[in-house]
Number of protein chains: 2
Amino acid sequence: MAQKPSIPKGTRDFGPQEMACRNYIFNTIRQVYALYGFQQIETPAMENIGTLMGKYGEEGDKLLFKILNSGDFLKDVSSEDLKKGAIGHLAALLCEKGLRYDLTVPFARYVVQHREELTFPFRRYQIQPVWRADRPQKGRYREFYQCDADVVGSDSLLNEVELMQIVDTVFQRFGIRVCIKINNRKILSGIAEIIGAADMIVDITIAIDKLDKIGLENVNAELLANGLSEAQVKKLQPIINLSGTNAEKIATMRQVLAGSETGQKGLDEVEYVLSKLSTLNSQLELDLTLARGLNYYTGCIFEVKALDVQIGSITGGGRYDNLTGIFGMPGLSGVGISFGADRIYDVLNQLELYPEEVTTATQLLFVNFGETEANYCLPIAEKARKAGIRTEIYPDSVKMKKQMQYANARNIPFVAIAGESEIADAKIMLKNMLLGEQKLVTPEELVAEILK
Amino acid sequence: MAQKPSIPKGTRDFGPQEMACRNYIFNTIRQVYALYGFQQIETPAMENIGTLMGKYGEEGDKLLFKILNSGDFLKDVSSEDLKKGAIGHLAALLCEKGLRYDLTVPFARYVVQHREELTFPFRRYQIQPVWRADRPQKGRYREFYQCDADVVGSDSLLNEVELMQIVDTVFQRFGIRVCIKINNRKILSGIAEIIGAADMIVDITIAIDKLDKIGLENVNAELLANGLSEAQVKKLQPIINLSGTNAEKIATMRQVLAGSETGQKGLDEVEYVLSKLSTLNSQLELDLTLARGLNYYTGCIFEVKALDVQIGSITGGGRYDNLTGIFGMPGLSGVGISFGADRIYDVLNQLELYPEEVTTATQLLFVNFGETEANYCLPIAEKARKAGIRTEIYPDSVKMKKQMQYANARNIPFVAIAGESEIADAKIMLKNMLLGEQKLVTPEELVAEILK
């Protein structure tokens, strides 16, 4: 075991400094969720494999981490099963549990399993790690936290409004300037309807999204290459060229989608949500190219972009109409959001937005000169702690220099020193490490000095 | 999928109420750890299987949850390997990762892996779930949280003293009266030394521990049956009959262990630690039958018992001298404690010690009478949230009765009602659900009323 130990690829250790920052992120999100009446739940890391399989597409099934059955895991496996070389079939025999892949499917399972105990509309939030056997790469991990909030059992658009208020409040607290992009699945369905190409809507949004990069001509060429007719591409021109304020965009789309009831419904919904959000700090933008998880969402879709950092979406969500149907409880509408903690961490780092108190751990260190001095310091340290000051006594009476190095390495702002003369006066020498000043104080003054 | 979904046996869902209580426990422990300068770290749920295997004994190896390799997991498995029927050997080929079994081994791995970045003495705490393929039974789970704090890189007994202060502070904050039982591995070694039965020390402590239940005669009979000689059992009599105050016990043991240097050292350590803890609220008891994880601990050992509930130990810990040796970094002394969150949860429940604010989620609910009324309530709800009041607007304009049922089921103490007449007066009817009273207030008065 002389080799330095390591951790599985795609996973991370979080040291004290990273944890302080991550806790700041999670606690901020948690507090805002609670402020809007969301309640926390937790589900087990492991789910029965049947709960997970088939929920994330064929690719997702492969990315599930499966847990080898305990005991004699070959008990119910025939030599035939082992030979066939059908890996998926064999895995199903060897593993009856898997690690959760997201928080959404466990939440759906939770709602159905506990339906009798829950009060609907049910507003839950959940902050837990998920695991995916993705190929590890920069910014993509095999273990990462999700921070989800969902309301199920209400199709009121007020839920969408409040989720946007949550997003706005969270990023305001972080000090991150953001643009919230909003779209609606019904508008996209309306577009597909009027040009008669329901199955092309994803390709259309992808092509339109490239307008800024490749220009109108190339977008049109791509649409034609994707199989749209000249007439269809022509009909799309006002959508591709859509610009102006949100109100102007909606007015244009009202005309374009004049023939689609679904499309008009989508515009109604967007208009309602936007009208209730006029006091937000964040920018709000109707963006018809937004099409995340299209097959999943049925109404409002949104995504949040940081304005001052080049990075993908840092939060997203939308409305879905059949979350729990797959577990036998159809017709429960829901809407949710998910904050991307890892990306928010990067944004806060790049913009240096962490408040100083977040990264200050211990506030006061007592230097240790030996047993007599430590005895003198112990009750004073307890007094400081009772006042809420995070306090350490250096445990060993080693050289002063080493203890001061420790204080520096740990970024401790105050160091208390009590030698023979301080003890004789019933005082402590308090050193302010930031200012480089020191003064002789009583225990009471020490507490007051640090708290001020 | 019509069957009601379920979760793997031995795992649990935590609903909003349980989560509120669990968060109260974790946050209390977290805050006290931080007050004593401990810093949080997190390690991945999965460790390389080599990090885990062989660390928990043969039985522990079997209880590890192993993760099936991704992709073609049979790639490096020969048909020979599959035939042999050596389950352990095959598992090693199929699984290169496992779920952590405790927080201690991952911490040791972390310290060795990150030794260059760390400042010693290193005080870390860690609150994360662990997984064990134990047979599930009442109070024993396959997934449960551990809450550990350790100091490594200092052999000063001040660390033991501070850990006991932490224990005392935590249980004082919970309102749980406890007895902290203290022992020292060196005292036990001393006992083994003077009676010449080093390998019998575990059997001896187990037998002595039964004194209250089975009486002196039966204890002696058991010791003889375990293979001790009459002379050895005779030598043990003062230890079995040890009673009185801690000081009296120490005085007796000083004589009994007169011939053992190690034993005297152990008594010195216990005496020092006890002398520094005279101001604790908790009871402190030298208990020579305490022998938890004997092969692991090398100095101080302790355990915490609740005084008012019949339940096993709710916290424990001790000093160890070779935590990191197995990963190639010998000679690093450490001392740690671990709070048993699940048992503390049960104790708090049985004694009904949860503060009321812990179980109050949403404080204020706005009743929804329709779009006009909701429009009126939205900015008032935002005002309440800005003041820190956890607030909901019922999202759907359903029958008043249903909304009040929701408020009751959710235990929401204040309900705000605004109909035509309240809106005309720019007021809100605020109903106190606990007192059954209601009064007409302005938005400002509403905030003040709830905050008071």
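Arg12(A) is found in the segment that comes before helix H1 (16–35) of chain A, where helices (H or I, at least four residues) and strands (E, at least two) are DSSP runs numbered from the N terminus. This is a predicted model, in which local features need pLDDT of at least 70 and side-chain atom pairs count only at pLDDT 80 or more, while totals for chains, interfaces and linings use all residues. Residues are numbered from 1 along each chain as its sequence is written, chains are lettered from A and ligands numbered from 1 in the order in which they are written, and side-chain values use heavy atoms, with hydrogens and water left out.

### Around Arg12

With a relative accessibility of 15%, Arg12(A) counts as buried, a word that stands for under 20% relative accessible area, with exposed meaning over 50% and partly exposed in between (1.4 Å probe, protein chains only). Its side chain makes a polar contact with the side chain of Asp342(A) at 2.8 Å; a polar contact is a pair of N or O atoms within 3.5 Å, and within protein one must be able to donate a hydrogen and the other to accept it, while residues adjacent in sequence count only if both atoms are side-chain atoms. The backbone oxygen of Glu143(A) lies 3.3 Å from a polar atom of the side chain of Arg12(A). Not counting residues up to four places away in sequence, Arg12(A) touches residues of both chains, including Tyr141(A), Phe144(A), Glu42(B), Thr43(B) and Pro44(B), where contact means heavy atoms within 4.5 Å.

### How the two chains meet

The contact between the chains takes 97 residues from chain B and 97 residues from chain A. Together they bury about 8400 Å², 60% of it on carbon and sulfur atoms; this buried area is the accessible area (1.4 Å probe) that two parts lose on being put together, summed over both. Pro5(B), Leu35(B) and Glu42(B) supply 7% of the area that chain B buries against chain A, more than any other three residues.

Between chain B and chain A, 34 residue pairs are in polar contact, with both residues at pLDDT 80 or more. Helix H16 (residues 371–386) of chain B gives the largest share of the side of chain B that touches chain A, namely 6 residues. By class, that side of chain B has 47 nonpolar, 27 polar and 23 charged residues, where Ala, Val, Leu, Ile, Met, Phe, Trp, Tyr, Cys and Pro count as nonpolar, Asp, Glu, Lys and Arg as charged, and the others, Gly among them, as polar.

A rotation of 180° with 0.0 Å of shift along its axis superposes chain B on chain A with an RMSD of 0.1 Å, the copies being superposed by least squares on the C-alpha atoms of residues with pLDDT of at least 70 in both. That is the relation of a two-fold axis. Of the residues of chain B, Ile67(B) comes closest to the rotation axis, at 2.3 Å for its C-alpha. Because 100% of the interface residues of chain B are also interface residues in chain A, the copies meet through the same surface.

### Salt bridges

Side chains of opposite charge can pair when their charged atoms come close. A salt bridge is a side-chain nitrogen of Lys or Arg within 4 Å of a carboxyl oxygen of Asp or Glu, and the structure holds 47 of them over all chains, while 7 are found across the interface of chain B and chain A.

| Pair | N to O distance |
|---|---|
| Arg385(B) and Glu162(A) | 3.0 Å |
| Glu47(A) and Arg109(A) | 2.8 Å |
| Asp342(B) and Arg12(B) | 2.9 Å |
| Lys181(B) and Asp287(B) | 3.4 Å |

Arg385(B) and Glu162(A) also belong to a network of salt bridges that links them with Arg123(A), Glu382(B), Glu392(B) and Arg410(B). Glu47(A) is buried, with a relative accessible area of 0%, and Arg109(A) is buried, with a relative accessible area of 0%.

### A buried tryptophan

Trp131(B) lies in strand S5 (residues 122–131) of chain B and, at 1% relative accessibility, counts as buried. Its side chain makes a polar contact with the side chain of Glu143(B) at 2.9 Å. Leaving out residues up to four places away in sequence, Trp131(B) touches Ala45(A) and Met46(A), among others, as well as Leu63(B). Trp131(B) and Leu63(B) are 68 residues apart in sequence and 8.6 Å apart in space, C-alpha to C-alpha.
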